[in-house]
Amino acid sequence: MIIEARQVGMEIDGQSIVADESVVCRPGEMTALVGPSGSGKTTLLHCLGLLQAPTTGDVLVDGTPTRHWKGGRRRRLWRDHVAFVLQDYGIMLEESVEANVTMSTRIWGRGAAGDAARTREALEATGLAGRGEEQAAHLSGGERQRLAVARAIYKDARVLLVDEPTASLDEDNRDRVIGLFRERARRGCTVVVATHDAAFVDACDAVHRVGAPAPALATRA
Ligand SMILES: Nc1ncnc2c1ncn2[C@@H]1O[C@H](COP(=O)(O)OP(=O)(O)OP(=O)(O)O)[C@@H](O)[C@H]1O
């Protein structure tokens with residue numbers, strides 16, 4: 001699934017947050033959104049995921065402009081094709097680790113329980129094996145971050161939009177998480193990551209500098 005920002009701008013309270021951002025995020029590639037703190041990486045990522053509507057420009061999904069999409073169409077895209085790892089992780093603290101991992105299945109009403117084998121794989125892949133029954137509130141910051149990654153991996157979506165997914169992780173877990181997203185891209189997912197992490201940027205196929213004058217996309221050989 002190709003996700004494209006075309007001359008996206010965002011103004012809030014008369015202030016320009018992002019201006020004229022154009023980037024094409026392709027299946028099979030991991031695209032990094034980079035730039036200093038406050039440059040608009042999160043805002044652009046939210047626009048790419050249709051979580052925020054840009055004030056100017058548009059986001060195209062497989063070439064289709066989304067500016068006039070109604071809520072139902074956006075929700076179908078999220079339900080069927082997109083997994084997010086956002087900065088606040090979106091963890092349901094009162095629920096178990098496993099319930100958080102399988103949230104997409106539960107929320108969208110596709111069975112009361114998740115797929116056990118996929119749940120186990122997602123927990124193992126993120127170093128949370130054997131922790132499924134624990135209440136999410138008991139997890140540390142880094143563990144919550146990995147739980148958010150486990151949930152995205154579990155969903156097996158075509159598009160992964162992730163915001164600073166390694167910010168709270170030690171080196172081993174960071175490498176593990178980078179490897180997981182790399183593997184998703186290898187399998188054909190469109191992976192977009194807003195990050196300050198140089199190791200993550202190095203692992204990406206394309207780097208888009210937010211706030212830089214166009215052309216801003218550099219595809220690696
Ligand atoms: N809802 C909002 N209302 C007002 N200002 C906002 C809002 N959302 C973002 N901003 C401002 O827009 C700018 C860009 O924010 P954004 O979070 O997109 O940057 P970022 O590059 O992701 O930053 P960081 O690397 O620190 O996470 C910041 O100056 C922020 O304060």
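Colleague: Where is aspartate 156 found?

Modeller: This is a predicted model. In it, aspartate 156 sits in the loop between α6 (141–155) and β7 (159–163).

Colleague: Why is aspartate 156 called partly exposed?

Modeller: Count the other C-beta atoms within 10 Å: there are 15. Buried needs 20 or more, and exposed needs 12 or fewer. The value 15 falls in between, so aspartate 156 is partly exposed.

Colleague: How far is aspartate 156 from isoleucine 17?

Modeller: The two are 139 residues apart in sequence. In space they are 32 Å apart, C-alpha to C-alpha.

Colleague: What makes valine 159 count as buried?

Modeller: Valine 159 is in strand β7. It has 23 C-beta neighbours inside 10 Å. The cut-off for buried is 20 or more, so valine 159 counts as buried.

Colleague: Which residues does valine 159 touch, leaving out those up to four places away in sequence?

Modeller: Met1, Ile3, His81, Val82, Cys189 and Thr190. To count as a contact, two C-beta atoms must lie within 7 Å.

Colleague: And how far is valine 159 from alanine 148?

Modeller: They are 11 residues apart in sequence and 15 Å apart in space, C-alpha to C-alpha.

Colleague: Which residues are around the ligand?

Modeller: Among them are Ile12, Ile17, Lys41, Thr42 and Ala194. Helix α1 (residues 41–48) gives the most to this shell, with three residues.

Colleague: How do the shell residues divide into nonpolar, polar and charged?

Modeller: Three are nonpolar, seven polar and one charged. Gly counts as polar here, and Lys as charged.

Terms used: Residues are numbered from 1 along each chain as its sequence is written. This is a predicted model: local features need pLDDT of at least 70, side-chain atom pairs count only at pLDDT 80 or more; totals for chains, interfaces and linings use all residues. A residue is near a molecule or strand if its C-beta atom, placed from the backbone, lies within 6 Å of it. Helices (H or I, at least four residues) and strands (E, at least two) are DSSP runs, numbered from the N terminus.
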